[in-house]
Amino acid sequence: MVKRPSKPSSKPLLREAETPLKGSRRRRRNPEQPALPFDPMPDRIEPCLALLKPTAPSGPDWVYEIKWDGYRVAVHLDYGKVRIITRGGHDWTHRFPTIQAAAKALPVGTAIIDGEAVVLDAMGRSDFGALQQALGGRIGKRSADEALFMAFDLLYFDGHDLRGLEQESRRQLLEDLIPTEADGGVRLSQEIEGDGPAILAAACEHRLEGIIAKRRGEPYRSGRGGEWIKIKCIQSEGFAIIGYERSTAGFGGIGRLLLAAMKSGNLTYVGGVGTGFNERSATELRKQLDEIVVDKPVVDTGRKKRDAAYVRPVLIAEVEFRAWTADRKLRHASFKGLRDSDDAEAIFEIGDFS
């Protein structure tokens with residue numbers, strides 16, 4: 001692992017005459033001598049994913065950030081050309097024009113910046129539902145002019161792959177590129193130093209989704225290796241929709257969605273959600289569900305459900321919930337919206353929260 005050099009002295013080395021020493025080239029460079037090597041710019045980098053934990057870690061090895069609720073994307077800059085790539089590898093540049101324009105203005109030739117596309121509410125909190133509405137829903141084709149990019153890591157910078165550097169050094173370079181006071185389409189996700197549990201308590205008091213804890217001395221590794229940890233105030237995860245119960249009183253004729261999570265590589269039933277819908281979202285959802293109906297459920301749902309329709313598990317619902325029952329069913333669940341399939345948001349894994 002490459003360590004960053006220590007900070008230079010605050011004063012230059014002086015002669016007796018208080019004139020700074022200056023170096024000079026000993027001889028002209030041989031034009032045939034090879035230049036310093038550059039790292040090829042990756043077309044795509046699998047993101048580092050945060051491991052879900054019930055409590056926040058403490059100690060000097062950790063630094064903290066707010067957990068943003070939006071779409072995980074990477075902004076690729078290549079001498080004026082901007083690409084905004086989702087976690088699943090899809091190009092969403094056209095869907096985020098404000099982020100694209102702000103990224104193009106950054107003072108860098110080549111870079112890959114990791115972060116989250118979000119829409120903020122009046123209190124500065126990320127609002128996933130508002131982002132979905134701005135994009136026109138899961139299958140919408142609209143662009144979200146109000147979406148911003150909260151940058152939290154720098155993976156490639158002016159010809160050099162930074163993933164081998166420790167978190168602290170990558171952060172220092174990111175702050176040089178995006179100032180802390182930036183308030184346009186590209187902003188810096190602020191680091192918070194202090195005690196993890198206290199920071200989490202403050203985040204929950206302000207009705208934020210939670211915090212991310214990152215190890216200062218670790219390189220950037222793709223996957224869920226534990227270098228980053230997420231701790232949530234309100235549990236919110238993605239679940240596969242495997243069916244719905246019909247209702248004459250519910251919006252869109254939906255009484256309750258039937259949901260599944262992953263367990264040991266297979267889907268397993270985790271209960272349902274019957275709140276959080278409005279007339280518009282439920283009507284649009286019902287149309288999508290009726291196009292993917294199957295004869296029987298793809299997983300065992302226990303006792304027979306009254307007036308239920310079953311579907312292929314291709315739609316992912318983002319669901320808030322308070323807790324789990326003893327038999328691993330959702331408690332006090334509320335529907336937030338549909339995740340876009342291009343986002344490749346992982347279906348929740350049973351066991352992540354243990």
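In this predicted model, five strands form an open sheet: the 5 strands follow the order S1-S11-S10-S2-S9, with mixed pairing. Strands here are DSSP runs of E with at least two residues, helices are runs of H or I with at least four residues, and both are numbered from the N terminus. Two strands pair if DSSP finds at least two bridges between them. The edges of the sheet are strand S1 (51-52) and strand S9 (191-192), each of which pairs on one side only. Strand S2 (residues 62-66) and strand S10 (residues 210-215) run antiparallel and are joined by 5 bridges. Within this pair, Ile66 stands opposite Ile211 in S10. Helix H4 (residues 196-205) packs on the sheet and touches S2, S9, S10 and strand S11 (228-232), where contact means heavy atoms within 4.5 Å. The direction of H4 makes about 155° with that of S10; axes are lines fitted to C-alpha atoms, for helices over the stretch in contact, and angles run from 0 to 180 degrees between N-to-C directions.

Residues are numbered from 1 along each chain as its sequence is written. Local features need pLDDT of at least 70, side-chain atom pairs count only at pLDDT 80 or more, totals for chains, interfaces and linings use all residues, and side-chain values use heavy atoms, with hydrogens and water left out.

The structure holds 1 disulfide, formed by Cys204 and Cys233 with their sulfur atoms 2.1 Å apart. The link is left-handed, with -90° about the S-S bond. Cys204 counts as partly exposed because its relative accessibility is 32%, and Cys233 is partly exposed at 27%. Cys48, at 1%, counts as buried. Buried means under 20% relative accessible area, exposed over 50%, and partly exposed in between (1.4 Å probe, protein chains only).

The next topic is the nonpolar cores. A nonpolar core is a set of buried Ala, Val, Leu, Ile, Met, Phe, Trp, Tyr and Cys residues joined through side-chain atoms within 4.5 Å. The largest has 32 residues, and Leu77, Phe96, Ile113 and Ile178 have the most contacts inside it. Among the elements giving two or more residues to this core are strand S3 (71-78), helix H1 (97-104) and strand S5 (110-118). Beyond its neighbours within four places in sequence, Phe96 is in contact with Ile84, Ala117, Leu131, Leu135, Ala144 and Ala147. Another core, of 28 residues, lies apart from the largest one and includes Ala309, Ala317, Phe321 and Leu338.

Technical notes
Disulfide = S-S within 2.5 Å.
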